[in-house]
Amino acid sequence: MGSKITIGILIAAIAPALACAQSDRPWLDAKRSPDERAMLALAAMTTDEVIGLLHGPMALPIPLPGRAPIQLPAEAILGAGYVPGVSRLGIPSLYETDGPLGVTNPFDARRGDSATALPSSLALAATFSPQLAYEVGVLLGKEARAKGFNVLLAGGVNLTRDPRNGRNFEYLGEDPLLAGLMAGESVRGTQDQHVISTVKHFVLNAHETNRHTLDARIDRAALRESDLLAFEIAIERGRPGSVMCAYNKVNGQYACGNDWLLNDVLKREWGFKGWVMSDWGAVHGSHYAVKGLDQQSGEQLDASTWFDTPLRAALAEGQVPRTRVNDMARRILRTMFAVGIVDHPPQKGAVDLQNHAAKALEVARSGMVLLTNNGLLPLKSTTPRIALIGGNAHIGVLSGGGSSQVIPANGAATRVPVGGHGMMAGFRNEMYFPSSPYKAIQAAAPKASVLFDSGAFPADAAALAARSDVAIVFVTRHELEGYDIPNLSLPPHGQDALVEAVLKANPNSVVVLETGNPVAMPWLDKAAAVLAAWYPGQEGGQAIADILFGAVNPSGRLPMTFPRDEASTVRPKLPNLGSEMGADVGVDYLEGADVGYRWYHKRGVEPLFAFGHGLSYTTFKYDTVKVSGGKTLSVSLAVENVGDRIGTDVPQVYLTSAAGKPAFRLIGFQRVELQPGERRTISTVVDSRLLSRFDEARGKWVLDKGMYSVSVGKSANDLIVAGEVRLFN
Ligand code: BGC
């Protein structure tokens with residue numbers, strides 16, 4: 001009672017002061033619109049304060065050749081980035097953390113601070129579940145807030161054009177609809193927690209090697225129909241506060257200084273209201289301000305803090321108009337108000353880590369893709385002798401490297417420093433999360449003798465496999481930001497030879513892949529089953545055991561094509577293989593909009609596993625497919641679980657011809673969980689851009705009148721004709 005009175009008195013005393021503060025500082029009035037608040041705040045700011053918002057350092061005292069490490073104010077949080085706010089006006093600083101796989105803590109700079117380490121984004125994409133993407137976004141937002149961050153550098157939505165891009169594990173696959181929806185939903189989830197999210201890297205950062213100099217060349221209309229479409233969908237869905245522009249050039253102009261991309265497409269055509277922040281070390285001049293860049297991030301990584309003294313000079317000389325500088329700050333301020341980081345500042349504190357671990361487990365279980373199965377899986381818990389081989393399966397599961405690397409919440413990770421050179425060399429650590437497949441498998445088969453062999457000597461491993469009932473071989477490939485992998489094979493340590501030896505010794509052998517990309521599988525025909533586990537996150541070992549032993553029915557579907565070999569890909573040889581760091585290199589993306597499955601389909605090239613492929617322990621049947629035309633195209637179908645166990649399917653809808661011409665594109669999908677015998681009708685109204693072509697001369701999407709045909713099925717290569725309808729616009 002007493003404390004209530006005290007609080008009441010306190011509020012009565014503070015209220016007039018608050019009201020006064022708000023009338024002095026009307027931009028703090030939450031009842032006004034974000035636009036109005038931004039204009040009001042801007043009007044109160046000095047030039048120094050405006051310029052101060054337009055640049056900031058990487059928030060780490062990293063040693064840089066020839067430069068003193070930056071000094072950060074005490075209020076900065078060590079992490080990816082920091083931009084001081086304007087405290088006199090109540091404008092918060094930006095506290096920025098990576099990234100899509102969990103809140104990072106680079107180089108353990110915040111001693112001992114860990115976070116929920118999610119499976120790779122490819123695993124999330126493989127769930128084909130925008131709902132799960134939203135929930136992951138919420139989780140990220142909550143953890144970021146609880147550590148004091150108000151900006152999350154997530155939303156990686158570059159299409160996976162090359163299966164050797166070392167950073168594909170951070171992206172959401174090769175299809176613009178899937179990637180766009182998943183990124184958009186995860187951004188929406190994060191921002192619902194009042195944490196600003198980016199989408200990145202705008203655009204065409206499709207290769208990592210020499211990404212700072214690479215010129216990505218592509219036909220503009222093709223770019224609109226592919227990578228730009230993924231961003232467009234993600235931005236519409238998620239309304240990210242910020243877009244991070246990429247390191248590379250696009251058609252000769254650096255992405256962060258690309259007038260067409262930033263001013264024409266993003267801001268004018270799409271009406272993007274947030275701000276464009278650069279990638280870390282991606283700015284090459286103060287004139288990028290007029291090209292559409294609003295903020296320089298990681299400024300100590302650039303040759304100059306372009307958006308400070310040089311920008312002031314450009315402003316004084318009239319090269320950059322004052323209106324533009326104001327617009328840069330206004331966009332940042334507007335976003336702060338719109339997403340709520342001013343009204344709902346981060347609160348440091350605890351999060352429900354148990355609940356978040358359960359979400360990480362759910363994503364891992366839902367995103368693993370069972371590629372083949374001759375019937376050996378699910379394994380019986382009564383199997384007497386099980387051999388586990390390779391992949392450090394006794395310790396845990398592998399994760400991908402680079403700025404997205406998370407230190408997991410479930411204990412210390414095992415870290416092997418790999419060494420090497422290049423800007424990202426410091427990140428070259430193979431990190432295993434302590435979720436041991438060995439322990440989880442032993443728990444799933446409590447009476448079995450489960451023996452582990454490291455796989456160092458194929459002969460030893462084969463001998464163990466031969467005297468076991470079942471062998472499970474784990475193969476890993478560490479991939480990371482900044483470096484493409486030279487080929488699709490399984491380096492190092494002769495893992496292909498190991499797999500061959502085990503499969504020869506025991507035909508009841510399962511291969512589990514822990515990789516960031518597709519791999520070549522010369523031994524595929526001899527394996528009883530192959531499971532793509534991706535980098536499965538901090539609960540990965542448990543999820544692998546759950547799938548192998550059938551506690552969970554696999555439901556992941558490939559978000560990118562697994563090619564047979566390099567020769568069958570768009571670029572048989574990795575562009576820039578062996579090029580010196582910093583070399584001026586270029587890649588012609590001649591496949592244009594035909595990314596992934598579209599390219600294989602057009603060329604009639606049979607992949608190893610098609611986009612959308614993934615097996616289940618039950619069987620699904622489709623019927624009653626209906627397609628209707630007119631002004632829009634809609635498709636419905638009934639899906640039934642005709643097997644004897646609960647399972648989740650992802651029926652997919654593809655366009656197979658447009659206005660009488662050959663076409664191929666995913667235009668709809670839905671993830672459905674069905675009990676044995678359960679049947680459900682699902683339907684989709686197709687986004688007209690997926691049926692259209694982009695007319696660059698007219699600057700718009702054009703839906704040609706005519707006949708459109710549609711197929712439905714289980715993957716891009718497993719389709720039944722659904723129907724043909726006329727569309728008119
Ligand atoms: C990456 C970005 C990341 C930034 C900050 C860059 O190297 O490309 O994705 O957000 O670093 O860590």
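## The disulfide

Counting cysteine sulfur pairs within 2.5 Å gives one disulfide in this predicted model. The partners are C245 and C256, with 2.1 Å between their sulfur atoms. A disulfide, as a reminder, is a covalent bond between the sulfur atoms of two cysteines. The S-S torsion for C245 and C256 comes out at about 110 degrees, so this disulfide is right-handed.

Where do C245 and C256 lie? C245 is in strand β6 (residues 242-245), while C256 falls in the loop between β8 (253-254) and α9 (259-269), so the bond ties together parts that are eleven residues apart in sequence. Both C245 and C256 are buried.

## Overall build

Stepping back to the whole chain, the protein has 18 helices and 30 strands. Along the principal axes, its C-alpha atoms fill a box of roughly 75 × 65 × 60 Å.

For 729 residues, a compact globule would have a radius of gyration near 27 Å; the protein's value is 26 Å, which agrees. Buried residues account for 62% of the 729.

## The largest cavity

Now for the empty space inside. Rolling a probe the size of a water molecule over the atoms shows where empty space is left. Here the structure holds four cavities of 30 Å³ or more, and the largest has a volume of about 140 Å³. Its lining is made of 17 residues, and P100, S121, L124, V136 and S186 are the closest to its centre.

Which elements give two or more residues to the lining of the largest cavity? They are α4 (121-126), α5 (130-146) and α6 (176-191). Helix α6 provides the largest share, with three residues. By class, the lining of the largest cavity has eleven nonpolar residues, five polar ones and one charged one.

## A cavity and a pocket between domains

The second largest cavity has a volume of about 90 Å³. Its lining includes T160, R161, D162, P163 and E174, along with M560, T561, P563, T569, V570, G596 and Y600. Those residues divide into five nonpolar, four polar and three charged. Why does the second largest cavity lie between domain 1 and domain 2? Because domain 1 (31-65 + 79-339) and domain 2 (361-568) both give residues to its lining.

The second largest pocket has a volume of about 610 Å³. It is lined by 28 residues, and M58, I62, L301, M423 and F427 lie nearest its centre. In the lining of this pocket there are 16 nonpolar, five polar and seven charged residues. Domain 1 and domain 2 both give residues to the lining of the second largest pocket too, so this pocket lies between them.

## Backbone spots to check

Most residues other than glycine have a negative phi, and most peptide bonds are trans. With that in mind, here are some places to look at in the model. The peptide bond from K200 to H201 is cis, with omega near -5 degrees, and H201 sits in strand β4 (residues 196-202). The peptide bond from L377 to P378 is also cis, again with omega near -5 degrees. P378 is in the loop between β10 (369-373) and β11 (385-389).

On the phi side, D108 has a positive value near 55 degrees although it is a residue other than glycine. You'll find D108 in the loop between β2 (94-98) and α4. L204 is not a glycine either, and its phi is positive at about 65 degrees. L204 belongs to the loop between β4 and β5 (215-217). Is L204 buried or exposed? Its relative accessible area is 0%, so L204 is buried.

## A buried loop residue

One more residue to look up is A533, in the loop between β18 (529-532) and α17 (540-548). Buried means under 20% relative accessible area, and A533 has 1%, so it counts as buried. A533 and I544 are eleven residues apart in sequence, and their C-alpha atoms are 7.1 Å apart in space.

Notes
Residues are numbered from 1 along each chain as its sequence is written. This is a predicted model: local features need pLDDT of at least 70, side-chain atom pairs count only at pLDDT 80 or more; totals for chains, interfaces and linings use all residues. Side-chain values use heavy atoms; hydrogens and water are left out. Helices (H or I, at least four residues) and strands (E, at least two) are DSSP runs, numbered from the N terminus. Buried means under 20% relative accessible area, exposed over 50%, partly exposed in between (1.4 Å probe, protein chains only). On a 1 Å grid over the protein atoms alone, a cavity is a set of points where a 1.4 Å probe fits but cannot get out, and a pocket is an open set with protein on both sides within 12 Å along at least five of seven lines; lining residues have an atom within 4 Å of a point. Grid points are joined across faces, edges and corners, and a volume is the space filled by probe spheres set on the points. Ala, Val, Leu, Ile, Met, Phe, Trp, Tyr, Cys and Pro count as nonpolar, Asp, Glu, Lys and Arg as charged, and the others, Gly among them, as polar. Domain bounds come from an automatic or database domain assignment. The radius of gyration is taken over C-alpha atoms; the globule rule is 2.2 Å times the number of residues to the power 0.38.
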